[in-house]
Each structure stands twice: as structure tokens, then as C-alpha cells.
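Me: Hi! Could you walk me through this protein in plain words?

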Amino acid sequence: MYKDIAIELICGFLALFIMLKFLGKTQFAQITPFDFITTLVLGNIVGDAALEKGVELTEILYSVLIWGLLIYAVTKLSQTFTGFRGILEGKPSMIIYKGKILYKELKKNNLDLNQLQHLMRQQGYFSLYEAEYVILETNGEVSVAPKHEFGPPTKNDLNIPYSQTNLPIALIMDGKVVPGNLKEANVDEKWLKKQLAIKKIKKYSEVFYAEWQQERGLEITKF
């Protein structure tokens, strides 16, 4: 019995993993009510079926496949037909317009002032009157266009000269070198060992994390 449950759960887990990879990252990155429900049901299919007596492994895999294909079909339809997308995902709502709070839109979306304040604080705005426009997105988050006096200055506003932006590259993680990243940073292990020696580090295993960036050089955190 326990062996059968273990096998079903492992196979169900792998099936879910493959299916979610197939459906894509947006299933979680920009989750809508539809995404939440479908993903929840997908997980419950495996959990309930694995613990239900008399359910065959093939039935679990078949259920995951059919449900996954339904999600995929609906997603493709929403990408093809904009009208269907609006029904499925909903539409963004303007809840602050030209600095004025739209009471009817708040009520329409079952959003109270405390919730609105919370959502705006997450975007870095602590007063409702700092916003010129606020849009409630389909995933429940808000997008804020601040009033002119509350908007962050850009580098052009401050007349800061242009400089190239370079991504930081992890060279050592958990005491192990990341070979591909050495190549990305245009350095080799000989150079890396020399840098570590300057900081009196003899082995990679002493380093928890090491990161290289053009502007800052090599930064190291030891275990």
C-alpha cells in the first residue's frame, strides 16, 4: 500500500512538473484567478487520486494530461481572441484618475481603502494623494503613475553622465566554481585563485559566495 502511494506521488509529481514546464512561467509570474483555480485543481488531482484506494497510476497521469491540455487550450484561445481574454482574465480598472479616487470602481472591484493603501505602500507610495493614476491589474496588484512632484528623478533630470550597465556574475556558489560564469566574465581560474590569494583564501570551499562586477570588482562572502 505505502509503496503504491509513493510510486503514484512520485509519478504524479513528475507529471505536474512536466506539465507546468509545458504551460510556461506566466502561470505563476502573472497569476490571475483563472490560473490560481486551474493550478490548484491540477495539484488536487494528484493529491486526491494518490490517496484514493483503487485509483490506478495511469488514471492519475491521464487526469493530469487532460486537465493540462484544457488549460493550454484555453490559454491559446485567450492569446488568439482578445474578447475571450477579457472574459477569462478580466480587465484592468482605473481606480484613481487625475488624482481623484473613483469610489464606484473601488466598490465594483470589492476593494476598500485599507486594501488600496496596502497595495500602494507595496509600490512605495504612502499617500493616496501622491498618485495621479492608479490601475488595478488583473492579478490584483496596482500600477501607480505618481504626480509630477512625487515622481522619482531620472538620471537625465539630474544630468548624470551615461555609463555602461554591467550585470553582476556569480563566480563561486556554495564553495564551488561556476565554470560557465568564469567564461561569461572573461576570466579564468588562474585569475580567480590569484584574487582569492590576495584575500588570504586558499580553497574554494572557504567561499560561500563570490560575485564579480565590472564597476565593483570581486566581492566575497566566506562561510
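**Helix 7 and its surroundings**

Reply: Gly124, which has a positive phi near 95°, follows helix 7. Helices here are DSSP runs of H or I with at least four residues, strands are runs of E with at least two, and both are numbered from the N terminus. This is a predicted model, where local features need pLDDT of at least 70, side-chain atom pairs count only at pLDDT 80 or more, and totals for chains, interfaces and linings use all residues. Residues are numbered from 1 along each chain as its sequence is written, and side-chain values use heavy atoms, leaving out hydrogens and water.

Me: Which residues of helix 7 are buried?

Reply: Leu116, Leu119 and Met120 are the buried residues of helix 7, which covers residues 113-122. They sit on the same side of helix 7, because they cover an arc of only 95° around the axis. That arc is taken from the directions from the helix axis to the C-beta atoms. Buried means under 20% relative accessible area, exposed over 50%, and partly exposed in between (1.4 Å probe, protein chains only).

Me: What do those buried residues pack against?

Reply: They pack against strand 1 (93-97), helix 6 (103-108), strand 3 (131-136) and strand 4 (142-146). A contact here means heavy atoms within 4.5 Å.

Me: And which exposed residues are on the face turned away?

Reply: Asn114 and Gln122 are the exposed residues carried by that face of helix 7.

Me: New topic. How many salt bridges are in the whole structure?

Reply: A search finds two. A salt bridge is a side-chain nitrogen of Lys or Arg within 4 Å of a carboxyl oxygen of Asp or Glu. One joins the side chains of Glu211 and Arg216 at 2.8 Å, N to O. In the other, Glu219 meets Arg216 at 2.7 Å, N to O.

Me: Is Glu211 buried or exposed?

Reply: Glu211 is buried, with a relative accessible area of 15%. Arg216 is partly exposed at 44%, and Glu219 is partly exposed at 38%.

Me: Where is Glu211 placed?

Reply: Glu211 lies in strand 7 (residues 207-213). Its side chain also makes a polar contact of 2.7 Å with that of Tyr209.

Me: Last one: how many helices and strands does the chain have?

Reply: The protein chain has nine helices and eight strands. Of its 223 residues, 28% are buried.

Methods:
A polar contact is a pair of N or O atoms within 3.5 Å; within protein, one must be able to donate a hydrogen and the other to accept it, and residues adjacent in sequence count only if both atoms are side-chain atoms.
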